[in-house]
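Me: I would like to go through a structure and ask, for each label, what it rests on. Please give the value and the cut-off in each case.

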Amino acid sequence: MTHRKTSVAVAALLGLSLLAACGSGDAPDTADAGAEAVILANGMTPKEQIDARQAHLKNYGKAFKTISDQLKASDPDMTAIQTAAANLVSEAEGMETWFPKGSGPDSGVKTDALPTIWESPEEFNQLVADFQTEAAQLSEAAQTGDVEAIKVAFGETGKTCKSCHETYRADD
Ligand code: HEC
């Protein structure tokens, strides 16, 4: 289980590896005890939470690229746009729960989420809500099949990605 490897790594970071150095059969238990200390309020480990949200965010990127590519095409594939827009909406469900306390860079897990998320959670959650609203409107526009309306909604949605990344994501 990769989970276990993480537990061991986390325990090592906490300095519990000193105990494991005794070489007794207790070492694995010690590592597990260390892992239990870093369970988030939602029951996930920081790594599980970060992996899960990054997987959703990668899918935002895929959906967005599909729509962008189609909007540049001379004859956009409307079904591809509609599917991608609907995927974006469903991928974004529950985004406000993906950044629980303890799932930032302090966890020791690699993440581009900046500590500012937990310093200004209300502002962050507002940007989540703005994005979800725009994504829903993009999906509605996609249903109409009106390329110009889709372009406008796509632009508005893209602004919400950008304004969040500018403040809350590293390397952007
Ligand atoms: C409310 C804030 C917010 C919004 C809105 C948002 N993102 Fe992000 N995005 C983030 C944060 C924070 C990360 C870094 C997450 C991490 O590494 O734990 C991220 C990471 C990503 C990644 C990298 C995922 C990976 O690890 O490979 C992609 C791709 C991405 N976002 C695309 C988008 C797109 C496209 C949109 C809009 C359609 C969007 N995001 C909207 C905050 C946001």
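Me: How do you know that H7 has the span of a helix?
Reply: The model is a predicted one, and its H7 has 24 residues. At 1.5 Å a residue the expected span is 34 Å, and the first and last C-alpha atoms are 35 Å apart, which is close to that value.

Me: Which residues of H7 are buried, and what covers them?
Reply: The buried residues are Phe-124, Val-128, Phe-131, Glu-134, Ala-135, Leu-138, Ser-139, Ala-141 and Ala-142. Their cover includes H4, H5, H6 and H8.

Me: What follows H7?
Reply: Gly-145 does, and its phi is positive, near 75 degrees.

Me: How do you know that the length of H4 agrees with a helix?
Reply: Helix H4 runs over residues 46-72, which makes 27 residues. The expected span takes 1.5 Å times one less than the number of residues. For H4 this gives 39 Å, and the end C-alpha atoms are 39 Å apart, so the two agree.

Me: Which residues of H4 are buried, and which helices cover them?
Reply: Pro-46, Gln-49, Ile-50, Arg-53, Tyr-60, Ala-63, Phe-64, Ile-67, Ser-68, Gln-70 and Leu-71 are buried. What covers them includes H5 (78-91), H6 (116-119), H7 (121-144) and H8 (147-168).

Me: What makes up the secondary structure of the protein as a whole?
Reply: There are 8 helices and 0 strands. Read from the N terminus, the order is α-α-α-α-α-α-α-α. Of the 172 residues, 33% count as buried. Among contacts with a separation of 6 or more, 66% join residues 24 or more positions apart. The accessible surface is about 9,900 Å², and carbon and sulfur atoms account for 56% of that surface.

Me: Why is Thr-157 called buried?
Reply: Buried means under 20% relative accessible area. Thr-157 has 0% relative accessibility, so Thr-157 counts as buried. This residue is found in helix H8. Leaving aside neighbours within four places in sequence, Thr-157 is in contact with Phe-64, Leu-88, Phe-131, Glu-134, Ala-135 and Leu-138.

Me: Why is Gln-54 called partly exposed?
Reply: The class lies between the 20% limit for buried and the 50% limit for exposed. Gln-54 has 28% relative accessibility and therefore counts as partly exposed. Gln-54 is found in helix H4. Not counting residues up to four places away in sequence, Gln-54 touches Lys-110, Thr-111 and Asp-112. From Gln-54 to Trp-98 the C-alpha distance is 9.5 Å, across 44 residues in sequence.

Me: Why does Arg-169 count as partly exposed?
Reply: Arg-169 stands at 34% relative accessibility, so the label is partly exposed. Its place is in the segment after H8. Apart from residues up to four places away in sequence, Arg-169 touches Asp-112, Leu-114 and Cys-164. Arg-169 and Pro-115 are 54 residues apart in sequence, with their C-alpha atoms 9.1 Å apart.

Me: What makes His-165 a donor of the iron atom?
Reply: A donor atom has to lie within 2.8 Å of the metal. NE2 of His-165 is at 2.0 Å from the iron atom of the ligand, and His-165 is the only protein donor. His-165 lies in helix H8.

Me: Which residues come nearest to the ligand?
Reply: Of the 22 residues around the ligand, these are Gln-54, Thr-111, Cys-161, Cys-164 and His-165.

Me: Which N or O atoms of the protein lie at what distance from an oxygen atom of the ligand?
Reply: The limit for a polar contact is 3.5 Å. A side-chain N or O atom of Thr-111 is 2.7 Å from a ligand oxygen atom, and one of Lys-58 is 3.4 Å from a ligand oxygen atom. For Asp-112 the atom is a backbone N or O, 2.8 Å from an oxygen atom of the ligand.

Me: What does the side chain of Ser-107 reach?
Reply: Ser-107 is found in the loop between H5 and H6. Its side chain reaches the backbone oxygen of Gly-104 at 2.8 Å and the backbone nitrogen of Val-109 at 3.2 Å. Not counting residues up to four places away in sequence, Ser-107 touches Pro-46, Ile-50 and Gly-102.

Methods:
Residues numbered from 1 in each chain as written. Predicted model: local features only at pLDDT ≥ 70, side-chain atom pairs only at ≥ 80, totals over all residues. Heavy atoms only, no water. Helix = DSSP H or I, 4+ residues; strand = E, 2+ residues; numbered from the N terminus. Buried < 20%, exposed > 50% of the residue type's maximum accessible area, 1.4 Å probe, protein only. Contact = heavy atoms within 4.5 Å. Donors = N, O, S within 2.8 Å, 3.2 Å for Na, K, Ca; no water. Areas by Shrake-Rupley, 256 points an atom, 1.4 Å probe, with all protein chains shown as cover. Near = heavy atom within 4 Å. Polar contact = N/O pair within 3.5 Å; in protein donor to acceptor, adjacent residues only side chain to side chain.
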